[in-house]
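Biologist: I have a model open and would like to learn how to read its features. Could you take me through them?

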Amino acid sequence: QVQLVESGGGLVQAGGSLTLSCAASGTAFTVRAMGWYRQAPGKQRERVARIASNYVTNYADSVKGRFTISRDNVMKTVYLHMDSLKPEDTGVYYCNLEGLTVWGQGTQVTVSS
């Protein structure tokens with residue numbers, strides 16, 4: 001069974017940076033797109049970034065220009081580097097292999113004003 005473990009969250013002041021990591025186990029990593037999602041309290045979960053197996057990336061408009069998604073197929077890890085963080089970026093961040101309903105515990109990101 002595929003397992004995903006997110007890490008790297010924390011408390012940061014607005015304008016700061018964080019890098020999140022998602023370590024994946026299983027055999028499907030290298031042939032699937034990966035996405036980062038976030039969920040703020042009382043709000044729907046939204047996708048903020050996606051990286052395809054050929055490394056093509058897509059970003060939500062709200063994070064475009066500030067977040068960078070990358071992947072390391074050898075280490076089976078996906079990263080989300082976040083710059084110029086805003087309070088509205090606060091939430092629990094999850095990663096996901098496209099096509100699979102498998103989620104980790106998530107990692108909390110809190111951006112103070």
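**Reading the core, the disulfide and the salt bridges**

Modeller: Let's begin with the largest nonpolar core, which has 28 residues; Leu4, Met34, Trp36, Leu80, Met82 and Tyr93 have the most contacts inside it. A nonpolar core is a set of buried Ala, Val, Leu, Ile, Met, Phe, Trp, Tyr and Cys residues joined through side-chain atoms within 4.5 Å. Buried means under 20% relative accessible area, exposed over 50%, and partly exposed in between (1.4 Å probe, protein chains only). The elements giving two or more residues to this core are β3, β4 (34–39), β5 (46–51), β7 (67–72), β8 (77–82), β9 and β10 (107–112). Strands (E, at least two residues) are DSSP runs, numbered from the N terminus.

Biologist: Which element gives the largest share of this core?

Modeller: That is β3, with four residues. Before we go on: this is a predicted model, where local features need pLDDT of at least 70 and side-chain atom pairs count only at pLDDT 80 or more, while totals for chains, interfaces and linings use all residues. Residues are numbered from 1 along each chain as its sequence is written, and side-chain values use heavy atoms, leaving out hydrogens and water.

Biologist: What does Tyr93 touch?

Modeller: Contact means heavy atoms within 4.5 Å. Not counting residues up to four places away in sequence, Tyr93 touches, among others, Leu20, Trp36, Arg38, Phe67 and Val109.

Biologist: How many disulfides are there?

Modeller: A disulfide is a pair of cysteine sulfur atoms within 2.5 Å, and the count here is one. This disulfide joins Cys22 to Cys95, with an S to S distance of 1.7 Å. The pair links distant parts of the chain, 73 residues apart: Cys22 lies in strand β3 (residues 18–25) and Cys95 in strand β9 (residues 91–97). Both cysteines are buried. The torsion about their S-S bond is about 50 degrees, so the disulfide is right-handed.

Biologist: And how should I read the salt bridges?

Modeller: Side chains of opposite charge can pair when their charged atoms come close. The rule asks for a side-chain nitrogen of Lys or Arg within 4 Å of a carboxyl oxygen of Asp or Glu, and it gives five salt bridges. In one of them, Arg50 pairs with Glu98, the closest N and O atoms being 2.7 Å apart. Arg50 is in strand β5 and Glu98 in the loop between β9 and β10, 48 residues apart.

Biologist: Is Arg50 buried or exposed?

Modeller: Arg50 is buried, at 19% relative accessible area, whereas Glu98 is partly exposed at 35%.
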